[in-house]
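I'm opening my notebook on this one and jotting down what I look up as I go.

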Amino acid sequence: MLTMNNVDVLLSSQSPRRAELLRQIGVRFCKINAECEEVLGGDESAPDYVQRLASDKAQAGWQVATAEGLRLPVLGSDTTVACEGRILEKPSSLDEAMAMLRHLSGGVHQVYTGVSLIYPGLEEAEYQQVTRVAKTDVWMRPISDAQIEAYWKTGEPKDKAGGYGIQGFGSAFVEKISGSFTNVVGLPLEIVVQLCEEYNIPIWQNDPNEIGEQ
Ligand SMILES: Cc1cn([C@H]2C[C@H](O)[C@@H](COP(=O)(O)OP(=O)(O)OP(=O)(O)O)O2)c(=O)[nH]c1=O
């Protein structure tokens, strides 16, 4: 099996936010593209759902890495929004965004992110997998239909769970949060840092040629 110079983790994700957050704590990583089906189970709770999908995404990445002869830790993650028993994924139309943001308007909802790390064991076929879930409560200001229409036109809602981005224009809708901010953006750094410490994955690499995505 191969290793890659200057890479400590493979990020099994296409999310630019996750890459940016990992870069922010100075982890040396490389993105890998692994397909993973995301289908909610009939009676699955939001935390169970993100835990399962984070684990599946890490597994899918691990398989791609293994097929390419790479033997490095693999990180997978999934974020979802839950509000009064409903799970809100990415809206694919203005109508869906309208229904979601009306539901979130003026109330409190929960954002869950699962983070899963697969770490190679001593023997070639061996690995350990650990998956953790973060939860943040988010309170929204009342949002008007006209605001939702204007917000949809920015293009921001469509690739975000719940139809908003707290890190972007969507911040205008947010009154306050309780819990991790980076969890809402898609990668709870408090969990990632904890996993890095437990598995001796270096953070705070500050060589400008080595930091972040390699
Ligand atoms: C609530 C919220 C979600 N999001 C994003 C985080 C996730 O990228 C996205 C939820 O979709 P996910 O399915 O978790 O992730 P993804 O499809 O973007 O990336 P991948 O599966 O390849 O890792 O919503 C924000 O960026 N800001 C927010 O405020």
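**Entry 1, a helix pair.** I started with the crossing of helix H3 and helix H4, and it is right-handed. Keep in mind that I'm working from a predicted model. H3 covers residues 94–104 and H4 covers residues 145–153; they pack at an angle of about 135°, and their axes are 10 Å apart. Angles over 145 degrees would count as roughly antiparallel, so I wrote the pair down as oblique.

Which residues make the contact of H3 and H4? From H3 I listed Leu94, Ala97, Met98 and Leu101, and from H4 Asp145, Ile148, Glu149 and Trp152. Sorted by class, this contact has 6 nonpolar and 2 charged residues, with no polar ones.

Next I looked up the buried residues of H1 (residues 16–24), and they are Arg18, Leu21 and Leu22. Why are they on the same side of H1? Their arc around the axis is only 100°, so they share a side.

After H1 comes Gly26, with a positive phi near 70°.

I found Leu53 in helix H2, residues 46–67. Is Leu53 buried or exposed? Buried, because 24 other C-beta atoms lie within 10 Å, and 20 or more is enough for that label. Leaving out residues up to four places away in sequence, Leu53 touches Glu38, Asp78 and Gly114. I also looked up Tyr164, 111 residues from Leu53 along the chain, and their C-alpha atoms are separated by 20 Å.

Definitions and conventions
Residues numbered from 1 in each chain as written. Predicted model: local features only at pLDDT ≥ 70, side-chain atom pairs only at ≥ 80, totals over all residues. Buried ≥ 20, exposed ≤ 12 C-beta atoms within 10 Å, placed from the backbone. Helix = DSSP H or I, 4+ residues; strand = E, 2+ residues; numbered from the N terminus. Arc of directions from axis to C-beta. Axes fitted to C-alpha atoms, helices over the stretch in contact; angles between N-to-C directions. Parallel < 35°, antiparallel > 145°, perpendicular 65-115°, else oblique. Left-handed = near helix turned anticlockwise from the far one by under 90°. Contact = placed C-beta atoms within 7 Å. Nonpolar A, V, L, I, M, F, W, Y, C, P; charged D, E, K, R; others polar.
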